[in-house]
Amino acid sequence: MSHLFTFTRCFFTAKVTIIGATGQVGSYAAHAVSQFPHVQEMCLYGRPGNEQYLDGLAHDMMDSFAARGTNTRVTFGTNPKELRGSDIVVLTSGVPRKPDQTRLDLALENAKIVRHFAEQVGRMAPDAILLVVTNPVDIMTSVALKYSGMMPHRVFGLGTHLDSMRLKACLAEFFNVHVSEVHTRIIGEHGDTMVPMWSATTVGGIQIDNMIGIAKLPRDEMIERVKNSGSYIIKAKGATVFGPGDAIATLVRTIVEDENRMLTVSTQIRREIFGYDGVCISVPTRITRGGVFPIAVRLSPTETTLFSESVKVIKELTERIYATLDAESSGNA
């Protein structure tokens, strides 16, 4: 007797809002996301005073939709009420690092921006999933989580998702294989203390340590290339746009189409999974329509040590940012 099993995936039509749509990453991400058939409405959101630019951007996108046959509604605005009904909110607003700024300076300046918008999202779209892109993204994800008042599984950051894709490209080039044959990931900070998971890296399904000639693999050089990729692109052309924009689009599609993919993003980890809590940092995470859920994995001894160092860096800086924001709030009370 034969049995026919039918597997169905639950799709839904979504409203996706891009906060910071006037920026290069935000505008490109909006265009990339709008190609997905289940994105019914694309809302371009910005600060008061940018209405004319947003109007022009909306018209430009509608012309593009007509050319490619996309049936997506485009709205825009600067009033928090525009956030209502959002299923996914992508937060890209922030300022780039200036030559005379320290990392802490950048974190504090952007934390104030993220806090402002996170509070709006928490009030107007508390049931949405909030994806944070603003750098330094691990700290900004914590700030967004705290000030939005949303549940941890509904707030996450781009994290090392793009870094993992960059390492994937390096490995595909080295082994001269299609990029789809490479599976790897980087965990930890989106920054100098990022941790490559060589123990979980495979090419064609084969763990790289089991491949002949692997001793020649320039691991340190590859990681330095990944770390410096963003800086190089910014120096060469002024901004990173397509890489982060398409990485954002991939994550939005994963949620909208309820793909249950395991990707590496910044999320609040719990002590029972990684031995640490109270910090947002990139780990392997299952992403669904219902939110993001970190997955427990076994790391090599070296990876465990490096991840611990990365957590320490992020946790200390996050606590300093919280202290400064809270002190400012008390002073203004």
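I started with strand E2 (residues 39-45) and found it mostly covered, with 6 of its 7 residues buried; buried means under 20% relative accessible area with a 1.4 Å probe, protein chains only. This is a predicted model, where local features need pLDDT of at least 70, side-chain atom pairs count only at pLDDT 80 or more, and totals for chains, interfaces and linings use all residues. Residues are numbered from 1 along each chain as its sequence is written, and side-chain values use heavy atoms, with hydrogens and water left out.

Next I looked up the partner of E2: strand E1 (residues 14-19) runs parallel to E2 and is joined to it by 6 bridges. Pairing takes at least two DSSP bridges between the strands. In this pair I saw Thr17 opposite Cys43.

Then I turned to Thr318, which I located in helix H9 (residues 301-332). Thr318 is buried, at a relative accessible area of 4%. Leaving aside residues up to four places away in sequence, I found Thr318 touching Ile139 and Ser142, where contact means heavy atoms within 4.5 Å.

My last stop was a helix pair. The axes of H5 (residues 161-175) and H6 (residues 219-237) come within 9 Å and cross at roughly 120°; axes are lines fitted to C-alpha atoms over the stretch in contact, and angles run from 0 to 180 degrees between N-to-C directions. On the H5 side I noted residues including Leu167, Cys170 and Phe174, which meet a set in H6 that includes Val226, Gly230 and Ile233.

Technical notes
Helix = DSSP H or I, 4+ residues; strand = E, 2+ residues; numbered from the N terminus. Buried < 20%, exposed > 50% of the residue type's maximum accessible area, 1.4 Å probe, protein only.
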